[in-house]
Amino acid sequence: MKKRQDSSFGLHFDFHSGPNNNVGETLREEDIRTICQTVKPDFIQIDCKGHPGWASYPTKLGNAAHGIVSDTLEMWRRVTKEEGVALYMHYSGVFDTKYCIDHPKDAVLNADGTTSQTATRCLGNYVDNLLIPQIKELAGVYGVDGIWIDGDCWACQVDYHPDTVAAFEKETGIDLCGKAPVSRDEKYYDEYLDFNRELFRRYVRHYTEEIHAEYPDFQIASNWGFTDHMPEAVTADVNYLSGDFDSWNSFNVSRYAGRAIAQQNMTWDLMAWNFRHFRPDKPQGLTKNPIQILQEAAEILSIGGGFQNYITQKSDGSPRMLPISRMKEVGEFIRAREPYCFRGKTLHEAAVLLSTYDRRRSSNAPFDRTGCQLLIGMTSLMCDCSFSTEIVCEHTLKGNYNNYKLIVIPEIMTGLDKELITDILEYVRCGGSLLLCGVNTCRIFSEYLPFTVDDTDRNSEWRWACHDRNRVGKLKNAHDISCNDSETVVWYGWEEEKTNSSGGIILNYGSGKIGLLATDIGGQYFDCVQYVHRDIIKAMCEKLYTPVVKVERSLGLLEINELIKDEKLCIQLINANGQHANPSVATEDFIPPVLDITVSVALDKCPEKILLQPEDKVLDFDYTDGRAYINIDRLDLHSVIQIL
């Protein structure tokens with residue numbers, strides 16, 4: 001059976017058992033075998049303890065559901081082992097309602113003095129009394145291959161229990177008089193929040209080390225740990241990183257979340273939901289057409305990750321065979337593309353900053369996605385403009401600035417670390433390129449650079465903006481930028497007014513260049529797409545750097561990702577068309593193809609051959625002035641240009 005690092009495709013089933021589920025009532029061995037033999041996943045993840053806290057197998061730890069008819073876990077393990085498919089457990093970690101009710105002293109104490117009904121204390125006894133013994137039972141008694149611990153970092157809450165407050169005081173030397181701060185207005189609030197973050201890290205380190213000491217080959221992930229929910233260096237003995245991205249606007253969220261994980265340079269995968277949740281006034285749980293899932297899989301594969309799909313189990317733990325049968329097509333799609341993208345490494349070019357410093361000082365929870373819309377929008381905008389893009393945090397950018405041709409800093413909510421600002425300006429001075437987007441971001445850097453941002457209150461104001469007289473749109477909260485020595489790329493107002501108000505400029509700084517756009521263009525692209533957003537970013541970026549791969553022409557949205565796979569440049573072409581964020585569209589059975597594509601690729605020498613994969617089709621090309629020009633008539637979802 002494959003380890004997670006070798007697994008490109010998996011299926012995830014869970015049902016979060018309650019106390020009285022008739023677990024095993026309709027589960028059939030032949031269904032499990034059919035899944036393994038027809039869909040052929042590398043791994044299957046099934047429910048064993050969900051957020052309610054009831055185990056869906058006959059555990060000896062005292063939290064088994066009352067209505068268990070048969071030991072379904074034994075059947076899943078036996079059959080998957082016979083079929084050579086790895087078996088992982090879906091297990092809810094910090095989030096455990098039953099344990100909180102049964103052991104209130106081990107539940108988080110909220111700021112108002114109430115006891116949490118969902119979150120266990122990282123400094124409490126839960127990890128040693130239940131989590132570690134139960135996982136060892138799964139590994140030792142049932143021989144499962146690993147675990148996907150759900151409800152962990154994202155379910156973690158700030159704990160005001162007296163023991164936690166006392167531990168903070170002892171460790172930091174800060175005297176709180178026994179009363180922890182509950183709002184950002186109070187002294188030591190950030191310090192107390194950071195202490196709760198550290199307690200979670202220790203909790204993860206504790207259970208991974210304890211389990212690996214006895215079961216060294218057991219594969220562990222803390223769902224969303226060390227990802228965009230928790231954007232920081234990996235400091236625990238996890239074997240892989242993973243998460244399940246939102247079922248609404250999934251394609252755009254996968255672009256952002258996948259890149260945020262990929263920067264960690266670890267084994268990783270992401271899970272797409274087989275169905276789509278929608279807004280309160282819309283139908284819920286609508287099953288996606290396979291073409292939507294294929295497009296989401298293509299996005300994850302194209303940046304080197306593994307892909308898994310989530311299909312709910314029935315309330316008795318049996319699988320839903322109809323939607324599972326549709327996964328055969330997904331498996332075949334992934335297998336065909338594995339050789340050209342799976343575990344490939346991105347060729348560094350453009351990077352968008354996800355600031356850990358800013359996130360921590362903007363959030364009131366230990367780990368969450370505060371402000372992620374700004375990043376999702378900026379990432380989608382760069383991708384829709386066909387710029388091969390990564391996401392970086394301070395810890396992955398440190399010492400690696402010169403690897404990137406362009407660094408993009410989207411709108412900042414609170415601030416940036418002064419060391420980062422100093423380092424990034426030195427990177428530009430030595431020849432790098434920087435794009436600053438957002439009023440707050442520009443104002444932060446105006447303290448260090450010779451430009452000013454107007455101080456007019458424009459929070460609710462929309463302004464006309466353009467860089468071409470024929471293509472005009474509106475930008476919200478868009479401010480003028482003044483600089484004596486700069487090039488105006490974007491202006492506010494119609495063509496005849498363009499000289500009156502500079503909206504986007506390029507200035508020289510040392511040997512490098514800085515682009516300034518004092519509006520949150522990423523957040524606006526997330527909320528309401530305009531083609532002018534793409535026009536503006538293309539115009540700014542084209543002044544700042546020359547990418548290896550340039551889309552000279554395409555009819556439709558074409559995303560480009562540049563991977564190095566087996567020492568070959570593999571250019572990922574992803575069809576980004578579709579109604580991803582349209583609140584009036586839940587499911588699609590047709591995604592318009594991208595047509596009439598011409599790309600050029602900067603190469604040191606004329607290549608021997610260029611192939612389109614997985615079709616293994618030889619492509620004609622012209623090599624002129626150090627660039628190979630390639631024409632492709634049509635892209636349905638995902639293909640790869642392989643340079644030989």
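Helices (H or I, at least four residues) and strands (E, at least two) are taken here as DSSP runs, numbered from the N terminus. The structure is a predicted model, in which local features need pLDDT of at least 70 and side-chain atom pairs count only at pLDDT 80 or more, while totals for chains, interfaces and linings use all residues. Residues are numbered from 1 along each chain as its sequence is written, and side-chain values use heavy atoms, with hydrogens and water left out.

A cavity is a set of points, on a 1 Å grid over the protein atoms alone, where a 1.4 Å probe fits but cannot get out, and its lining residues have an atom within 4 Å of a point; the points are joined across faces, edges and corners, and the volume is the space filled by probe spheres set on them. A search of the whole structure finds five cavities of 30 Å³ or more, and the largest cavity has a volume of about 120 Å³. Its lining is made up of 14 residues, of which Ser250, Arg276, Gln292, Glu296 and His580 lie nearest the centre. Helix H7 (250-262) and helix H8 (290-301) are the elements that give two or more residues to this lining, and H8 supplies the largest share, three residues.

Turning to the nonpolar interior, a nonpolar core is a set of buried Ala, Val, Leu, Ile, Met, Phe, Trp, Tyr and Cys residues joined through side-chain atoms within 4.5 Å, where buried means under 20% relative accessible area (1.4 Å probe, protein chains only). The largest such core has 131 residues, and those that touch the most other members are Phe200, Tyr203, Tyr207, Met382 and Ile537. Helix H6 (residues 189-214) contributes the largest share of this core, 10 residues. Leaving aside residues up to four places away in sequence, Met382 touches Ala350, Val352, Phe387, Thr389, Leu406, Val408, Ile537 and Cys541, contact meaning heavy atoms within 4.5 Å. A second, separate core of 31 residues includes Ala351, Leu353, Leu449 and Ile514.

The backbone also deserves attention. Most residues other than glycine have a negative phi, and most peptide bonds are trans. Phe226, in the loop between strand E7 (219-222) and strand E8 (241-244), has a positive phi near 60°, and this residue is buried, with a relative accessible area of 2%. Asn477 likewise has a positive phi, of about 50°, and is placed in the loop between strand E20 (471-476) and strand E21 (481-482). The peptide bond from Gln613 to Pro614 is cis, with omega near 5°, and Pro614 is found in the loop between strand E29 (610-613) and strand E30 (617-618).

Methods
On a 1 Å grid over the protein atoms alone, a cavity is a set of points where a 1.4 Å probe fits but cannot get out, and a pocket is an open set with protein on both sides within 12 Å along at least five of seven lines; lining residues have an atom within 4 Å of a point. Buried means under 20% relative accessible area, exposed over 50%, partly exposed in between (1.4 Å probe, protein chains only).
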